[in-house]
Amino acid sequence: MNRYKDFFKESISEYGLLLSDEKWECLCNFYKMLLEKNKVMNLTAITDPFDVVVKHFLDSLSLCSVFDFTECSSVVDVGTGAGFPGIVLKIFFPEINFVLVDSLGKRVSFLEDVISEISLKNICAIHGRAEDLGHDLKYREQFDLCVSRAVANIATLCEYCIPFVKVGGSFIAYKSGNTDDDPEKFEKAVNELGGEKYFSKKFVLNGEFDRSFICISKSISTPEKYPRRPGIPGKRPII
């Protein structure tokens with residue numbers, strides 16, 4: 001990994017981020033743990049060190065191109081998987097409280113090991129479905145920002161994620177550059193769930209990979225009936 005340190009340092013400087021030795025050590029330890037655990041469970045198909053640096057670490061931090069973390073105090077990462085973007089963002093913004101949500105207990109156990117091993121504070125990994133946790137008052141409308149790299153259409157992701165966001169907060173979805181971001185296909189979901197302003201930004205990661213963000217602001221509280229029971233948002237999106 002160390003051969004890519006200078007490349008990574010220069011790349012994140014475009015987002016106004018600085019790479020300390022401590023942060024780099026945390027990322028390297030995270031990578032080692034990811035490789036080791038990946039031998040016994042499917043956490044990621046991306047294991048080459050340079051690919052991890054670009055497609056996981058750099059991609060996670062590309063959020064800084066559309067979101068200002070200086071006035072953010074709480075973030076929830078829904079469908080975090082192996083910890084992207086949540087773990088990487090936490091390493092760079094240690095003062096912010098993070099909650100990582102995943103529906104698979106084995107992934108949550110791995111994330112708890114990572115959190116302990118690299119000594120991250122004010123962060124926890126929660127085992128549960130967004131449809132259930134979105135009704136839990138401990139998490140419902142408690143976060144300044146909700147992020148997700150999960151694979152689902154935008155209308156479905158809105159129902160999973162917007163209930164976690166405070167009024168005045170934001171939901172941002174990481175998507176591929178060729179995602180169908182036609183607002184007509186998710187505008188109803190945004191409005192129904194309490195969202196208002198939204199925009200998309202397409203960009204090229206490391207000059208090679210097409211990526212995009214769908215950014216949604218929340219203006220009013222989400223109606224109590226949302227999210228609907230597990231499985232329904234995916235089967236019957238609000239469209």
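The model is predicted, and local features need pLDDT of at least 70, side-chain atom pairs count only at pLDDT 80 or more, and totals for chains, interfaces and linings use all residues. Residues are numbered from 1 along each chain as its sequence is written, and side-chain values use heavy atoms, with hydrogens and water left out.

**First stop: His56.** Select residues 49-61, helix H3, where His56 has its place; helices are DSSP runs (H or I) of at least four residues and strands (E) of at least two, numbered from the N terminus. His56 counts as buried because its relative accessibility is 7%; buried means under 20% relative accessible area with a 1.4 Å probe, protein chains only.

**Second stop: the largest pocket.** Select Gly79, Gly81, Arg149, Ala150 and Val151, the closest to its centre of the 29 lining residues. A pocket is an open set of points on a 1 Å grid over the protein atoms alone, where a 1.4 Å probe fits, with protein on both sides within 12 Å along at least five of seven lines; lining residues have an atom within 4 Å of a point. Now colour strand E5 (165-176), which gives the largest share of this lining, three residues.

Select Ser20, Glu22, Lys23 and Cys26, which are among its lining residues. Helix H2 (21-38) and helix H4 (86-92) each give two or more residues to this lining, and the largest share, three residues, comes from H2.

Methods. Buried < 20%, exposed > 50% of the residue type's maximum accessible area, 1.4 Å probe, protein only.
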